[in-house]
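Colleague: I would like to learn how to read helices and sheets in a model. Could you take me through this one, step by step?

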Amino acid sequence: MPSRPITATTVPLILTKNQSTTNSISFYQTSYFPTKPSSPNSIRTQTINKNFIPPPLPPSLPPPMDSSPFNLLPQDTLHQIFSHLSLRQIATCKCVCKALSAALSSPAFLHLISDQSLPASLSLLALKPFNGHHLSADSALDAFDLSKNQWLRFSLSFLPFSSLHPITASYGLLYLWASPPPLLEPNNAHVPNSQMALVVCNPLTRQFKILPQLGSAWSLHGSVLAGSTNVVLVLTELAILYYCEGNNIGNNDMNISVVNNSWLKFSSNLPSKPRSPILVSDFILTLCDVGTPWRSQWAMFKMKISDMEKTQQWDRVQKREWGDVFDILKRPRLVKAGNEKKVYMVGGLKNSQALQSLCTTVLILKLDLESMQWEEAGRMPMEMYKCFLESTKFKVFGGGNRICFSAKKLERLALWEENEEGKPEWQWIEGVAKDDDGLCRGFMFDARLDAVV
């Protein structure tokens, strides 16, 4: 709006609608008041210009949510309207205002969408930040929507930390290492905080919880395993940290109280550094190198969570019928499957037992945890594997029935998926941001609205 001289005071224009049957709009203009007298004996007046055209009014702001007729709808009607949206659209609507966020997070609405054909979760492939880097507090989590074949971004600006490092996800919740703000010394100097916080959040509902702080060494050397919404473990070669908000560690035979919801520490006693540990039901499974400094020999170990305080010992998982199943794979890794009855093992298929044997392809094996029998789940097609031959290093990550492969000098991801019929399918994922070392790392994230922190 153009500025007016400060020597005159203007009465705002009044905008009304004509009372006739038409929808025409009438402007009513008021006169200017006289300016302030320059002296008690002199009064100046300002003449009104009859040809004056009032400037256009600024656009009116929308009414607040409380005064909107939309807010007067019954909650049942509101729930029925939004229940026809997709989970992605519902997550977007929750960011419009507090009223919608509360309505679409209510137990009644969550129960309604659970009874419909709406998918309970968004199956996403989330990427970790670059190696050695952390996300700033205003950054977002990059995730690939496997059903729509497109990249999504989830804002993490609601987390009050200076830096964030997403590491894993479970039951619709995201787990991150977070750096608290620097400590302020008496001389106003800022000293880095040596403590790290493990944060649990739901990016869809923007709810979060901070677990008891740990030393920075745990974030550098520990593997975070998340089971149910109440169980978190941090595993290293020498120790296991256990956290359970329910104040118990396992079954009815054992009840260890947790003082002020603190971490419990147990001895690990693994033969070597755990490789790709996973949490399956109430067991921890991991691979360890039990060979010599000159030749690797991989073995699988397991421990029941409820036995950590009793025995503090790992059981080696092996059967004579398995033969050399661990010797045919180069640098094997475990990947958690879609149910608690199986687990995948992935590695390069050696063409011989020689020390520096080359690999012919990538092999995926599946272990049935009930029958304890291995079977082949898939192997990378040769035309796809040729793209990995020029790379000296590649990463494997995933979960459920999907496994991803990343390699240096390769600007895309290879994805293996076991379909509903149990048949393997391979595809490329494009548009991947690479790490400093040319690799990307990640995890599966099933985003859910009903995941409660």
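Colleague: What covers the buried residues of α4?

Modeller: The cover includes α1, α2 and α3. Before we go on, note that this is a predicted model: local features need pLDDT of at least 70, side-chain atom pairs count only at pLDDT 80 or more, and totals for chains, interfaces and linings use all residues. Residues are numbered from 1 along each chain as its sequence is written, and side-chain values use heavy atoms, with hydrogens and water left out.

Colleague: How are helices, strands and burial defined here?

Modeller: Helices (H or I, at least four residues) and strands (E, at least two) are DSSP runs, numbered from the N terminus. Buried means under 20% relative accessible area, exposed over 50%, and partly exposed in between, with a 1.4 Å probe and protein chains only.

Colleague: Which residues of α4 are buried?

Modeller: First the general idea: an α-helix has 3.6 residues a turn, so residues three or four places apart point the same way. In α4, the buried ones are Phe109, Leu110, Leu112 and Ile113. Their arc around the axis is only 160°, which puts them on the same side of α4. That arc is taken from the directions that run from the helix axis to the C-beta atoms.

Colleague: Which exposed residues sit on the face of α4 turned away from its buried side?

Modeller: Pro107 and His111 are carried on that face.

Colleague: Which residues are buried in helix α1?

Modeller: In α1, residues 75-82, they are Leu78, His79 and Phe82. These cover an arc of only 100° around the axis, which places them on the same side of α1. The buried residues of α1 pack against α2 (87-93), α3 (98-103) and α4 (107-114), where contact means heavy atoms within 4.5 Å.

Colleague: Now the sheets. What is the strand order in the open sheet that contains β14?

Modeller: As a rule, two strands pair if DSSP finds at least two bridges between them. Here, 4 strands form an open sheet in the order β14-β15-β16-β17, with antiparallel pairing. Because β14 (223-226) and β17 (264-267) are at the edges with a single partner strand each, one side of each is left without a neighbour in the sheet. From one strand to the next, the twist averages 20°; axes are lines fitted to C-alpha atoms, for helices over the stretch in contact, and angles run from 0 to 180 degrees between N-to-C directions.

Colleague: Over how many bridges do β15 and β16 pair?

Modeller: Strands β15 (residues 231-235) and β16 (residues 239-244) pair in the antiparallel sense over 5 bridges. Within β16, Tyr243 stands opposite Val232.

Colleague: What is the order in the open sheet with β18?

Modeller: That open sheet of 4 strands runs β18-β19-β20-β21, with antiparallel pairing. β18 (275-280) and β21 (315-317) are the edge strands, each with a single partner, so one side of each has no neighbour in the sheet. The twist averages 30° from one strand to the next. Strand β20 (residues 298-304) pairs with β21 in the antiparallel sense over 3 bridges, and Asp315 in β21 is the bridge partner of Lys302.

Colleague: Which residue takes a positive phi in the hairpin of β5 and β6?

Modeller: Asn149 does, with phi near 55°, in a hairpin that has 4 residues between the strands. Strands β5 (residues 140-145) and β6 (residues 150-155) pair in the antiparallel sense over 6 bridges, and Phe144 stands opposite Trp151 in β6.

Colleague: How many helices and strands does the protein chain have?

Modeller: There are 6 helices and 30 strands, and buried residues make up 42% of the 453 residues.
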